[in-house]
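These entries record what I looked up in the structure.

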Amino acid sequence: MTSTTTIEKGLENGSGSKAAAIKERATKTVEKGVEAAQDTYEQAAFQAELATEQAGEELRKLTASGTKFVRDNPGTAVVGAVGLGILVGLALRGRD
């Protein structure tokens with residue numbers, strides 16, 4: 001016998017107050033669960049927003065640092081770019 005059938009028979013036999021109490025308790029438990037899930041979601045969204053802002057700030061700092069290095073050392077930057085290009089080309093060309 002399922003719990004739904006038991007509750008329905010209880011309602012027919014006059015034990016509706018017990019079924020109503022069980023329903024009320026279940027409803028409150030579900031509502032608390034929903035509230036907890038919403039709170040957890042909001043906290044996770046806030047943490048993700050913070051992490052995104054921090055990552056963006058670090059990227060801006062890195063970009064500024066790279067730009068400053070290239071402006072201060074153009075020759076070194078060109079040699080480094082050529083060297084990197086050769087390495088990438090060798091890695092991607094495949095074996096003959």
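I searched the whole structure for salt bridges (a side-chain nitrogen of Lys or Arg within 4 Å of a carboxyl oxygen of Asp or Glu) and found four. The model is predicted, so local features need pLDDT of at least 70 and side-chain atom pairs pLDDT 80 or more, while totals for chains, interfaces and linings use all residues. Residues are numbered from 1 along each chain as its sequence is written, and side-chain values use heavy atoms, without hydrogens and water.

I looked up Lys28 and Glu24, whose side chains form a salt bridge at 3.7 Å, N to O. They are four residues apart in helix α2 (residues 16-72), about one helical turn; helices are DSSP runs of H or I, at least four residues, numbered from the N terminus.

I next noted Glu57 and Arg60, which meet in a salt bridge at 3.2 Å, N to O. For accessibility I took buried as under 20% relative accessible area, exposed as over 50%, and partly exposed as in between (1.4 Å probe, protein chains only). Glu57 is partly exposed at 36%, whereas Arg60 is exposed at 53%.

I then turned to a nonpolar surface patch of about 480 Å², made by Val78, Val82, Ile86, Leu87 and Leu90. Patch residues have over 30% relative accessible area and no salt bridge; nonpolar side chains (Val, Leu, Ile, Met, Phe, Trp, Tyr) are joined within 5 Å, like charges within 9 Å. Areas come from the Shrake-Rupley method with a 1.4 Å probe. Ile86 lies in helix α3 (residues 74-93) and counts as exposed because its relative accessibility is 51%.

Note on methods
Helix = DSSP H or I, 4+ residues; strand = E, 2+ residues; numbered from the N terminus.
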